[in-house]
Amino acid sequence: MTAAPGTAVPAATPTADAAPAAHPAPTADATPPRRALPLATTVVLALLTAIAPLATDMYLPAFPQLAVDLGTTATAVQLSLTTFMVGLALGQLVIGPLSDQRGRRGLFIAGSALCAAAGLACALAPSIAFLVAARFVQGFAGAAGVVLSRAVVADRARGTAAAKLFGIMMLIQGVAPVAAPLLGGTLVTAVGWRGVFGILAGLSALMLVGVLALVPETRPREARTDGGLAATLRDARSVLGNRRYLGWTGALVLGFAAMFAYISASPFVLQNVLGLSVGSYSVAFAANALGLGVVAGLGTRLVDRFAPQRLLAVGVAAVAVLSALLLVDVVALGLPRWPTLVLLFLTVSALGLVFGNATTLATDEVAHAAGTGSAVMGALQFGVGAAVSPLVGLAGERTAVPMAVSMLVLALGAVGAARLAATAPARAEGVVPAGA
């Protein structure tokens with residue numbers, strides 16, 4: 001049965017006389033002894049998860065300049081962001097399951113190389129149509145870093161050890177979307193939008209070097225699935241039929257969407273409604289990113305004393321309560337400046353207990369198909385986040401009500417998802433459901 005959250009699971013070594021099935025479904029017995037990932041490898045994996053958020057947000061301050069340079073409309077420029085997100089979601093759905101069959105390292109290398117080439121193509125784009133196409137490729141290839149980093153950690157760690165590693169990765173993945181526009185604003189002034197894409201291409205190339213030097217193959221041949229599309233569908237059914245996995249994934253996805261609601265609305269709420277200057281807004285934005293990072297870092301230490309499930313429960317409950325207080329602040333109190341800023345800081349910071357712990361619990365449930373599980377998780381994470389972003393602006397640029405309502409609804413959904421997972425029956429580890 002699945003181990004209790006926060007406990008390490010000893011891995012069994014494969015037996016020499018076991019005859020392979022025609023289309024084997026890997027189980028815990030096919031998993032080699034887990035070896036701890038070196039710190040340098042963990043850092044590379046964490047940075048790989050940040051490439052996609054950075055590529056999403058770093059060029060946002062350059063939208064007006066980009067439209068002028070390419071002689072196009074704001075809508076066409078925004079399409080370059082949409083196609084990137086579509087590519088990122090589709091790439092995870094393709095690369096994750098494929099890595100369960102073909103291994104992680106080769107796809108890591110190919111994805112990093114193609115992402116670097118696509119970034120360079122964006123920097124040299126002669127037209128908006130070329131840029132939109134290159135951004136799709138950049139997103140599709142960049143998905144390798146997001147989906148495979150989680151799969152590699154799931155291959156090598158469980159329970160408390162995994163929670164610490166995922167805490168580091170989710171810290172960077174959570175802070176990156178918040179910090180990227182600030183970094184992008186500085187870079188756009190210095191090097192322009194083409195320079196921003198050139199820097200992103202350079203970061204992808206640097207990550208390629210890191211993969212070649214430090215990331216081993218963690219999906220050995222005896223643990224890989226066989227059977228092509230049939231095996232992919234079997235793994236997908238196994239993952240999507242696991243209520244505990246879906247619950248933990250739902251908590252992650254809805255928490256991430258709540259953060260995207262804040263990110264999308266904060267420029268208008270903090271500047272147009274609260275009256276902050278551009279400089280003051282940047283300071284507040286950076287402070288919230290710092291709070292998220294500090295709490296996520298604290299969470300990696302707390303897992304030695306408290307199970308990831310308990311920390312996640314505290315995290316989603318805190319986000320829900322604080323979001324409710326934020327809504328009261330907006331509707332009943334008229335959005336006073338300092339209480340609003342403090343509530344936003346606390347709400348965003350509390351998400352630091354959600355991301356790493358929810359990821360740990362979800363991947364533990366589907367260790368036999370970690371690539372597929374990571375793919376579903378990542379596609380939903382960025383897909384729902386992208387869908388929520390425009391909703392917070394439906395009522396205009398001078399109200400915080402849509403942001404507060406969205407954050408509360410999403411936080412309550414995360415609480416419900418975590419509760420669903422906690423009360424669902426556990427499934428035997430690594431076993432594909434009968435009839436799959």
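How many helices and how many strands does the secondary structure of the chain come to? In this predicted model, the tally is 14 helices and zero strands. Read from the N terminus on, the elements simply run α-α-α-α-α-α-α-α-α-α-α-α-α-α. The chain has 436 residues, and 54% of them count as buried.

The largest nonpolar core takes in 117 residues, and Leu 270 and Leu 312 are the ones with the most contacts inside it. Helix H8, which spans residues 243-273, supplies the largest share of this core, with 15 residues. What does Leu 270 touch once its neighbours within four places in sequence are left aside? The list is Gly 275, Leu 276, Tyr 281, Ala 284, Leu 341 and Leu 344.

The largest pocket has a volume of about 1200 Å³. Several elements give two or more residues to its lining: helix H1 (39-57), helix H2 (63-70), helix H3 (74-102), H6, H8, helix H9 (278-302) and helix H13 (370-388). H8 turns up here again, giving eight residues, the largest share of the lining. In total, 35 residues line the pocket, and those that lie nearest its centre are Leu 60, Leu 81, Ile 263, Ser 264 and Phe 268. By type, the lining divides into 22 nonpolar residues, 11 polar ones and two charged ones.

A few single residues deserve a look of their own. Arg 135 sits in helix H5, residues 128-156. Is Arg 135 buried or exposed? Its relative accessibility is 0%, so Arg 135 counts as buried. The side chain of Arg 135 reaches the backbone oxygen of Ser 80 at 3.5 Å.

Glu 217 is found off the helices, in the loop between helix H6 (159-214) and helix H7 (228-240). With a relative accessible area of 28%, Glu 217 falls between the cut-offs of 20% and 50% and is therefore partly exposed. Which backbone nitrogen lies 2.9 Å from a polar atom of the side chain of Glu 217? That nitrogen belongs to Arg 104, and the side chain of Glu 217 also reaches the backbone nitrogen of Arg 105 at 3.0 Å. Along the chain, Glu 217 and Arg 105 are 112 residues apart, yet their C-alpha atoms are separated by 5.1 Å. Setting aside neighbours within four places in sequence, the contacts of Glu 217 are Gly 103, Arg 104, Arg 105, Gly 106, Arg 156 and Arg 224.

The last stop is another loop residue. Leu 335 lies between helix H10 (308-331) and helix H11 (337-350). Leu 335 has a positive phi of about 65°, although it is not a glycine. Despite its place in a loop, Leu 335 counts as buried, because its relative accessibility is 11% and the cut-off is under 20%.

Conventions: Residues are numbered from 1 along each chain as its sequence is written. This is a predicted model: local features need pLDDT of at least 70, side-chain atom pairs count only at pLDDT 80 or more; totals for chains, interfaces and linings use all residues. Side-chain values use heavy atoms; hydrogens and water are left out. A nonpolar core is a set of buried Ala, Val, Leu, Ile, Met, Phe, Trp, Tyr and Cys residues joined through side-chain atoms within 4.5 Å. Buried means under 20% relative accessible area, exposed over 50%, partly exposed in between (1.4 Å probe, protein chains only). Helices (H or I, at least four residues) and strands (E, at least two) are DSSP runs, numbered from the N terminus. Contact means heavy atoms within 4.5 Å. A polar contact is a pair of N or O atoms within 3.5 Å; within protein, one must be able to donate a hydrogen and the other to accept it, and residues adjacent in sequence count only if both atoms are side-chain atoms. On a 1 Å grid over the protein atoms alone, a cavity is a set of points where a 1.4 Å probe fits but cannot get out, and a pocket is an open set with protein on both sides within 12 Å along at least five of seven lines; lining residues have an atom within 4 Å of a point. Grid points are joined across faces, edges and corners, and a volume is the space filled by probe spheres set on the points. Ala, Val, Leu, Ile, Met, Phe, Trp, Tyr, Cys and Pro count as nonpolar, Asp, Glu, Lys and Arg as charged, and the others, Gly among them, as polar.
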